[in-house]
Amino acid sequence: MRIGLLGTGPWARMAHAPALSGHPELDFVGVWGRRTAPTKELADTCGVRAYDEVDALLADVDAVAVALPPAIQADLAARAARAGCHLLLDKPLAPTVEQGRTVVDAAADAGVASVVFFTTRFQPETAAWITEQAGADGWFTGRAQWLGAVFSGDDSPFADSPWRREKGALWDVGPHALSVLLPVLGDARRVTAAAHGPGDTVHLVLDHVSGASSTLALSLTAPPAASGAAVELRGTAGVTLLPESTETAVSALTRAADALLAAARTGQPHPCEAAFGLRVTEILAEAETLLDEG
């Protein structure tokens with residue numbers, strides 16, 4: 001499968017470019033970015049073509065991987081789908097429900113496959129745990145803490161990200177927490193509570209269709225010594241914790257590319273297709289409304 005990369009920022013350089021370059025079943029064709037110099041630099045590093053026009057790249061590939069801010073991703077993903085390209089997308093799918101639905105509709109109308117890269121879903125240890133817990137009954141409650149130090153540490157490459165500054169932890173790490181809780185506890189019937197904490201920290205309470213409830217604590221401004229991710233489930237079988245993963249982002253993204261290849265070949269959608277990304281966006285938007293209302 002011929003694939004192109006849209007985006008040249010830190011995440012594109014750290015994860016996407018190495019994963020696409022090293023994948024044995026992908027022909028990494030080229031890079032398009034919003035700025036000429038970084039596009040040429042990344043393309044030269046990978047030994048691929050630097051594209052000046054996004055439509056020229058779309059015409060040369062079968063799929064695109066997107067490493068761009070959510071609003072830009074949503075617009076270009078829909079454009080790529082209409083050009084017949086399969087989609088390897090990042091989270092969140094879009095910053096609004098309307099934009100997310102446009103991506104889903106474009107992919108469905110074009111008959112292209114899509115995978116949204118929720119990192120935890122593509123790490124073997126955590127993916128196996130999620131599958132195991134999703135097959136169990138009797139969950140009573142879940143608790144997810146996704147606490148980052150992007151804005152409170154000294155060395156994050158994402159600290160200057162405008163969209164993260166604007167949207168905060170809810171939209172950056174909230175998708176990770178939801179990607180773990182939803183397949184186990186079921187869809188969220190509603191966000192029953194949402195409150196601000198220190199910095200960009202937010203706390204959410206969800207009511208799930210299974211009857212279970214969950215709480216989420218999300219932050220990009222946690223003290224570095226307190227940062228980290230944890231998920232705990234409690235139910236009739238007892239207590240279980242999300243295992244730590246030793247996988248890198250590159251290896252996880254490689255598995256996401258595997259999933260896209262499989263979906264494109266078989267026509268069978270992956271659980272993390274764009275429609276799931278849209279559902280995550282809908283929940284985040286509901287929480288954002290509650291937070292804005294105080």
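I took a disulfide to be a pair of cysteine sulfur atoms within 2.5 Å. I note that the model is a predicted one.

Entry: Cysteine 85 is accordingly in no disulfide. I also checked accessibility at both positions. Cysteine 46 is partly exposed, with a relative accessible area of 22%, whereas cysteine 85 is buried at 0%.

**Entry: aromatic pairs.** I counted aromatic pairs and found four. I examined tryptophan 11 and phenylalanine 117, whose ring centres are 6.4 Å apart; their planes lie at 20°, so I recorded the pair as stacked. This pair links distant parts of the chain, since tryptophan 11 belongs to helix H1 (residues 10-22) and phenylalanine 117 to strand S6 (residues 114-117), 106 residues apart.

I next turned to phenylalanine 117 and phenylalanine 122. Their ring centres are 6.0 Å apart and their planes are at 35°, so this pair is tilted. Both residues are buried, and for phenylalanine 117 I noted a relative accessible area of 1%. I recorded one aromatic cluster formed by Trp11, Phe117, Phe122 and Phe158.

**Entry: charges over rings.** I looked for charged side chains over aromatic faces. Arginine 49 lies over the face of tyrosine 51, 4.0 Å from the ring centre. I also recorded lysine 167, whose charged end sits over the ring of tryptophan 171 at 4.5 Å from its centre.

How values were computed:
Residues numbered from 1 in each chain as written. Predicted model: local features only at pLDDT ≥ 70, side-chain atom pairs only at ≥ 80, totals over all residues. Heavy atoms only, no water. Buried < 20%, exposed > 50% of the residue type's maximum accessible area, 1.4 Å probe, protein only. Phe/Tyr/Trp six-rings, centres within 6.5 Å; stacked < 30°, edge-to-face > 60°. Helix = DSSP H or I, 4+ residues; strand = E, 2+ residues; numbered from the N terminus. Lys NZ or Arg CZ within 6 Å of the ring centre and 35° of its normal.
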